[in-house]
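Hi everyone, thanks for coming.

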Amino acid sequence: MTTTLIFVRHGQSQTNQQKTWTGWMDVPLTAKGIEDARNVGEMLKNVPFDKVYSSDLQRAMKTAETALPGCVYETTPLIREISIGKAENLPIAECPQIFGE
């Protein structure tokens, strides 16, 4: 028996659009992020899933709900992206000057 894992990154979030670091900040998807989720849903529409998991952050949950409408999924903080501490919500371009390379 073979097990296949499929990982899907959340759609574009507000902080992605603003080019700031996000980490564990709970930010929504943009209109493009919702469209990103619809597009991945189209790619996965014929894939049968035994189980679907999402991070407990709204951008990930909205991606799951949009990509797989009607899907029952389980949320967990264990699959969040990494926390980036003091860099959260800072412009990506400014971080090397603040924290070094």
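**A buried threonine and some salt bridges**

Thr22 counts as buried because its relative accessibility is 5%; buried means under 20% relative accessible area, exposed over 50%, and partly exposed in between, with a 1.4 Å probe and protein chains only. Keep in mind that this is a predicted model, where local features need pLDDT of at least 70, side-chain atom pairs count only at pLDDT 80 or more, and totals for chains, interfaces and linings use all residues. Residues are numbered from 1 along each chain as its sequence is written, and side-chain values use heavy atoms, with hydrogens and water left out.

So where is Thr22? You'll find Thr22 in the loop between helix H1 (14-18) and helix H2 (31-44); helices (H or I, at least four residues) and strands (E, at least two) are DSSP runs, numbered from the N terminus. Beyond neighbours within four places in sequence, its contacts (heavy atoms within 4.5 Å) include Val27, Arg59 and Ile84.

Now the charged pairs. How many salt bridges does a search of the whole structure find? Six, each being a side-chain nitrogen of Lys or Arg within 4 Å of a carboxyl oxygen of Asp or Glu.

One joins Lys32 and Asp36, with the closest N and O atoms 2.9 Å apart. These two sit four residues apart in helix H2, so about one helical turn separates them.

Another pairs Glu74 with Lys51, at 3.2 Å from N to O. Glu74 is in strand S2 (residues 74-76) and Lys51 in the loop between H2 and strand S1 (53-55), so this pair ties together parts 23 residues apart in sequence.
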